[in-house]
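Subject: Structure handover

Hello,

Here is the structure I said I would pass on. Please open it alongside this message; my notes follow below.

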2 protein chains.
Amino acid sequence: MGQVRRTQEEVLDNITKAQQARRRHMTLKQDIITMSHGAGGKSSHELIEGLIRPILANPVLDSLDDAAVLPLSRFVSLGNGNLPELAFTTDSYTVSPVKFPGGNIGDLAVNGTVNDLAMSGARPIALSLGLILEEGLPVALLREVLESIAAHAKELGISIVTGDTKVVPRGKGDGLYINTAGIGIVERTWPMGQHLIQPGDKVLISGSVGDHGIAVMLRREGLEMESEVQSDTQSLYDLVHHLFVHISSAIHALKDPTRGGVATTLNEMAVSSDVAIKVYEDAVPVKESVRGACEILGLDPLTIANEGKMLVVVAKERAEEALSLMRQHPKGQDARIIGEVQEEPRGMVFLQTVLGGTRVLDMLVGDPLPRIC
Amino acid sequence: MGQVRRTQEEVLDNITKAQQARRRHMTLKQDIITMSHGAGGKSSHELIEGLIRPILANPVLDSLDDAAVLPLSRFVSLGNGNLPELAFTTDSYTVSPVKFPGGNIGDLAVNGTVNDLAMSGARPIALSLGLILEEGLPVALLREVLESIAAHAKELGISIVTGDTKVVPRGKGDGLYINTAGIGIVERTWPMGQHLIQPGDKVLISGSVGDHGIAVMLRREGLEMESEVQSDTQSLYDLVHHLFVHISSAIHALKDPTRGGVATTLNEMAVSSDVAIKVYEDAVPVKESVRGACEILGLDPLTIANEGKMLVVVAKERAEEALSLMRQHPKGQDARIIGEVQEEPRGMVFLQTVLGGTRVLDMLVGDPLPRIC
């Protein structure tokens with residue numbers, strides 16, 4: 001049963017039903033905004049599905065993927081069918097502290113935006129940079145962040161082509177906030193998205209989980225582990241491109257599990273595609289230092305943000321090939337197959353535990369790690 | 001002399017010299033960020049030219065216009081020369097208060113981004129929306145702002161296609177900050193930009209100046225005038241399009257004089273094109289209520305932000321035609337010719353006063369009206 005590929009129509013019909021069901025259940029209960037509305041988990045979804053999306057409703061925004069895909073032919077009539085599709089994405093960064101082991105808010109912004117484009121199958125071509133500076137910010141810190149942005153953009157061969165700078169009074173910001181938006185050219189030629197995963201598909205992760213969130217948390221709280229935890233912030237475009245060249249249309253979905261971690265991302269996929277996802281707990285790579293910090297802090301590594309890892313959902317028969325391709329690449333050396341897609345129970349993610357039992361793996365609830373990106 | 005159109009090479013040579021000269025003189029003197037670095041005037045230029053631009057340097061960013069122009073043919077090889085140019089722009093909005101007579105932060109963001117695209121000769125096709133919410137923000141206020149964004153976008157026939165929401169703790173924000181980035185398709189087919197104005201050109205403004213800044217200021221300070229001052233926030237795309245249809249290549253530059261007002265915008269043009277601009281003081285339209293408020297507050301209407309007006313620099317022989325075209329349009333009813341471009345003194349703007357004298361009209365210095373957009 002799981003092997004039978006549903007027709008595109010069946011898939012779309014199921015998606016519509018699943019989306020409608022989800023939206024019926026999403027209402028924003030609170031009257032004021034709380035920190036957990038920004039954590040990427042359940043409350044964030046309530047805010048987005050219960051307020052923002054219904055008000056701004058349009059078909060592109062409704063697709064829920066990392067970047068919007070805009071077929072240029074819809075906007076330009078040039079008498080030929082050769083116009084590319086654009087990908088367009090935005091992210092604001094409010095991470096505290098601004099500098100942390102392995103990176104700072106600047107490279108986080110560049111990598112994060114590039115990754116959103118890469119996850120939608122696009123090659124990044126240009127970034128914008130919006131700075132909100134707090135009065136009193138040391139210029140030396142701003143310089144360091146800008147140099148980091150410039151260095152990362154250069155390495156990726158893209159430019160910051162447009163920008164804006166605002167200053168807010170002391171006590172109305174926190175050093176600096178950054179917004180980056182990005183434009184890419186869609187390179188994939190097959191349908192791909194979190195709403196298109198299929199029973200039977202395998203779920204791969206490109207490396208260890210939880211590094212970024214724990215690195216920021218430990219620095220912010222002034223805690224030290226025996227071995228320092230480094231953020232995994234990095235661009236994933238080259239890894240995606242490497243996969244695309246070799247297995248292309250067998251890839252059904254790509255997603256970087258940032259805020260809310262792997263647990264939240266897989267839940268979004270399960271709901272969007274109206275399927276179940278089983279995760280093999282002992283297959284998920286977690287560094288010893290991260291596991292130790294999670295135990296001390298009472299956190300689940302599967303709900304912690306990553307900034308340089310990706311989940312790849314791929315057709316079962318190409319899963320081993322995808323795995324070895326990822327392992328060939330420096331950014332996928334620790335890749336693993338961590339789960340599979342099933343028919344039932346629809347819209348759910350569950351963990352097959354080390355001891356052989358199963359438990360439901362929910363989205364992140366609350367905000368155990370505020371302001372990690 | 002002023003009538004002789006310089007060759008493109010001469011113009012570009014002059015621009016390079018002027019830009020180099022300007023950059024040599026721009027260094028960031030302060031060690032910390034102050035409110036005036038965000039005011040759009042001299043300090044903002046020092047921050048941008050003395051720090052941000054040198055670090056992020058690239059040819060597109062260096063063009064200094066409202067939006068970056070990206071020829072798609074540079075990024076896609078499709079074997080034909082029919083690819084359009086994209087315009088790309090970003091702006092953050094930190095206006096205080098969030099609601100003011102005539103608008104709120106939401107329509108300000110949509111109109112502002114659409115106007116940046118329109119000023120570069122582009123038709124807006126898609127917007128992004130990045131929200132930075134402060135913990136404790138009333139959901140009712142957020143709803144009102146979002147509804148305003150949706151209504152304005154709908155009126156303009158464009159969609160918010162991608163978004164991001166972050167929440168910062170109480171005391172690290174101020175209600176809400178918005179970033180919008182926008183993509184447009186360049187419609188003009190001739191060179192246009194603030195570096196391309198020519199001695200002999202005429203300078204037109206589409207309507208009264210200072211409305212937005214004064215409306216926000218009066219509301220923030222709880223001051224009331226006999227007749228309420230309304231912000232002029234509005235989209236200018238339709239007005240630009242109307243002009244383009246009729247006089248096209250006679251338009252040498254378009255710019256909406258936002259932060260820093262008409263004075264700052266004209267100074268940027270004078271430096272970029274290495275020319276002088278004379279402004280006829282008595283020709284500048286200023287509403288009575290705005291003039292009154294400026295007198296009380298000791299402000300110059302020419303340095304106050306506008307959010308729904310544009311400066312048009314047009315070849316002398318088409319200036320009267322441009323003026324009547326603008327006056328035909330509801331958004332240009334109060335248009336006037338307010339000045340002219342001269343050879344000397346290069347890089348300067350000066351005012352021909354009502355009493356017949358002249359005085360230098362400098363860029364905005366300091367930050368008399370913080371957080372107006």
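Chain A exposes about 13,700 Å², and carbon and sulfur atoms supply 50% of that area. Keep in mind that this is a predicted model.

Overall build

Chain A contains 9 helices and 14 strands. Along the principal axes, its C-alpha atoms fill a box of roughly 60 × 60 × 50 Å. A compact globule of 373 residues would have a radius of gyration near 21 Å, and the 20 Å of chain A agrees with that. Buried residues make up 65% of the 373 in chain A. Among the contacts in chain A with a separation of 6 or more, 82% are between residues 24 or more positions apart. As for charge, chain A carries 35 positive and 47 negative side chains, and the centres of the two sets are 2 Å apart.

The two chains

How is chain A laid on chain B? A turn of 180 degrees with a shift of 0.0 Å along the axis does it, at an RMSD of 0.0 Å. That is the relation of a two-fold axis. The same surface serves both copies, since 100% of the contact residues of chain A recur in chain B.

Helix α6 and the residue after it

Helix α6 of chain B covers residues 237-247. Its buried residues are B:Tyr237, B:Leu239, B:Val240, B:His242, B:Leu243, B:Phe244 and B:Ile247. An α-helix has 3.6 residues a turn, so residues three or four places apart point the same way. You can look for that pattern in the numbers of the buried residues.

Just after α6(B), B:Ser248 takes a positive phi of about 30 degrees. In chain A, the phi of A:Ser248 is near 25 degrees, again a positive value in a residue other than glycine. A:Ser248 sits in the loop between α6 (237-247) and β9 (251-255) of chain A. Is A:Ser248 buried or partly exposed? Its relative accessibility is 25%, so A:Ser248 counts as partly exposed.

Other backbone points

Most residues other than glycine have a negative phi, and most peptide bonds are trans. A:Asp274 has a positive phi, near 55 degrees. A:Asp274 belongs to the loop between α7 (261-273) and β10 (276-280) of chain A. With a relative accessible area of 15%, A:Asp274 is buried, because buried means under 20%.

The peptide bond from A:Glu344 to A:Pro345 is cis, with omega near -10 degrees. A:Pro345 is in the loop between β12 (336-342) and β13 (349-352) of chain A. In chain B, the bond from B:Glu344 to B:Pro345 is cis, with omega near -10 degrees. B:Pro345 lies in the loop between β12 and β13 of chain B.

One residue in strand β12

B:Gln342 is part of strand β12 (residues 336-342) of chain B. B:Gln342 is partly exposed, at a relative accessible area of 21%. Which residues does B:Gln342 contact, leaving aside its neighbours within four places in sequence? They are B:Pro199, B:Val275, B:Ala276, B:Lys278 and B:Phe350. B:Glu85 is 257 residues from B:Gln342 along the chain, and their C-alpha atoms are separated by 32 Å.

Regards

Methods
Residues are numbered from 1 along each chain as its sequence is written. Chains are lettered from A and ligands numbered from 1 in the order in which they are written. This is a predicted model: local features need pLDDT of at least 70, side-chain atom pairs count only at pLDDT 80 or more; totals for chains, interfaces and linings use all residues. Side-chain values use heavy atoms; hydrogens and water are left out. Helices (H or I, at least four residues) and strands (E, at least two) are DSSP runs, numbered from the N terminus. The radius of gyration is taken over C-alpha atoms; the globule rule is 2.2 Å times the number of residues to the power 0.38. Buried means under 20% relative accessible area, exposed over 50%, partly exposed in between (1.4 Å probe, protein chains only). Contact means heavy atoms within 4.5 Å. Accessible areas come from the Shrake-Rupley method with a 1.4 Å probe; for residues, only the protein chains shown count as cover. Lys and Arg count as positive and Asp and Glu as negative; His and the chain ends are not counted. The place of a charge is taken as NZ of Lys, CZ of Arg, CG of Asp or CD of Glu. Copies are superposed by least squares on the C-alpha atoms of residues with pLDDT of at least 70 in both.
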